[in-house]
Amino acid sequence: MDTLSLHVMNTDYFIGVPKGTLRDWKNPIEKWLQYVAKEWSRFQAGNELDRLNQLKQGEIIKLSPILYDCIKKANDYYIQTQELFSPYLKNQLEQHGYTESFPFSNSKKRQLLHTVNEQSPILLLNNEFILKTGEQQIDLGGFAKGYVVEKIAQWLQHETAAEYGIIDGGGDMQFWSKCEKEWTIGIAHPYKEQEEISYIKLKNGAIATSNRVYRSWKQGEETKHHLLNGQTGEVAKTDIVQATVVTNSLSDAEVIAKLCFLMREVELQCWLEKNGISCAQFIIEENDTKYWIKGGEKQYVH
């Protein structure tokens, strides 16, 4: 394979397509990833996302088409999940101590002042304009990473006509095959990233993993992690340590992986059926219980 590896957005990216693929595909992808890292990070002042976040209520901004599209897609999931998944938790993440890019282990204790709004703090207008309607600020987090991987896969298939390919952004993957090529995707141990504890074989699909181990820290005496309940702004309380979701859309997989920590199993299966989403989930609990959920059936892994 012809491959590209780079580290951006605090994430290791790996992209591979067949050798001999026509067109220079590496430079455009590398430039776009660098652009996203600069303009979409909540840790950089003065970038496009920060200019949106700094708006006062009633002010309007015109965004680049790609950032507008990412925010619109995240907002659609926000509505679809009745606000459990939320891109509007920047204030809450910072109040829980997530104020710098990982890795870090301790943060200052803060008083929680901001409450979660009952509706979206922005109004999406035509022609990439956004109206600020509330105080909540945007953090696209892992959703942006999945969105970027998905867009790269679409671009490569359209621009290079590659028979097969894979894009891996820190374990969140989109892959395809129009030939005999089949992908074997390993699932990493939540505490030992180099160790695989299960795998799945597919020609086409997407896979996303969320865990509450890597992005966790101490705030005072309390352990916090980055998976927050969008309805309350509080850290998700769950026995689940890691959730991996395999489906067709990486954006779907990103959101569902987070919902595994926020919904009871039966609730999530009902939500999937209601929204017509077919997927497989691989769950690891605190007591090291491991199982796949496929078609609503649970299969334990020993």
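This is a predicted model: local features need pLDDT of at least 70, side-chain atom pairs count only at pLDDT 80 or more; totals for chains, interfaces and linings use all residues.

Student: Why is S64 called buried?

Tutor: Buried means under 20% relative accessible area, exposed means over 50%, and partly exposed is in between, using a 1.4 Å probe and protein chains only. S64 has a relative accessible area of 17%, so S64 is buried. Its place is the loop between β3 and α3; helices (H or I, at least four residues) and strands (E, at least two) are DSSP runs, numbered from the N terminus.

Student: Which residues does S64 touch, leaving out those up to four places away in sequence?

Tutor: With that exclusion, S64 touches Y35, E48 and E128. Contact here means heavy atoms within 4.5 Å.

Student: What makes Q82 and D288 worth a look?

Tutor: Let's take Q82, in the loop between α3 and α4 (90-95). Q82 is not a glycine, yet its phi is positive, near 55 degrees. D288 is not a glycine either and has a positive phi of about 70 degrees; D288 sits in the loop between β15 and β16.

Student: Why is Q82 called exposed, and why is D288 called partly exposed?

Tutor: The relative accessible area of Q82 is 60%, so Q82 is exposed. D288 has 44% relative accessibility and therefore counts as partly exposed.

Student: What makes strand β8 (residues 172-177) mostly covered?

Tutor: Six of the six residues of β8 are buried. On one side these are D172, Q174 and W176, and on the other M173, F175 and S177, which leaves both faces covered.

Student: How do you know that β8 pairs with β7 and with β11?

Tutor: Two strands pair if DSSP finds at least two bridges between them. Strand β7 (residues 164-169) is joined to β8 by six bridges, in the antiparallel sense, and Y164 stands opposite S177. β8 and strand β11 (residues 205-211) have three bridges, also antiparallel, with M173 opposite I207.

Student: What lies between β7 and β8 in their hairpin?

Tutor: Two residues lie between the strands, and in this hairpin G170 takes a positive phi near 60 degrees. β12 and β13 also form a hairpin with two residues between them, where G220 in the turn has a positive phi of about 65 degrees.

Student: Why is the pairing in the sheet β4-β12-β13 called mixed?

Tutor: Strands of a sheet pair through backbone hydrogen bonds, either parallel or antiparallel. In this open sheet of three strands, the pairing is mixed. Two bridges join β4 to β12, and these strands run parallel; N106 has K218 as its bridge partner in β12. Strands β12 (residues 216-219) and β13 (residues 222-225) are antiparallel over four bridges, with S216 opposite H225.

Student: What is the strand order in the other open sheet, with β3 in it?

Tutor: The order is β3-β6-β5, with antiparallel pairing. β3 (60-62) and β5 (122-124) are edge strands, since each pairs on one side only. Three bridges join β3 to β6 (residues 129-132), and I61 stands opposite I130. Helix α3 (residues 65-80) lies across β5 and β6, running at about 110 degrees to β5; axes are lines fitted to C-alpha atoms, for helices over the stretch in contact, and angles run from 0 to 180 degrees between N-to-C directions.

Student: Which elements each supply at least two residues to the lining of the second largest pocket?

Tutor: They are α7 (265-274), β15 (280-285) and β16 (290-294), and β15 gives the most, with three residues.

Tutor: On a 1 Å grid over the protein atoms alone, a cavity is a set of points where a 1.4 Å probe fits but cannot get out, whereas a pocket is an open set with protein on both sides within 12 Å along at least five of seven lines; lining residues have an atom within 4 Å of a point. About 200 Å³ of space lies in the second largest pocket.

Methods
Residues are numbered from 1 along each chain as its sequence is written. Side-chain values use heavy atoms; hydrogens and water are left out. Grid points are joined across faces, edges and corners, and a volume is the space filled by probe spheres set on the points.
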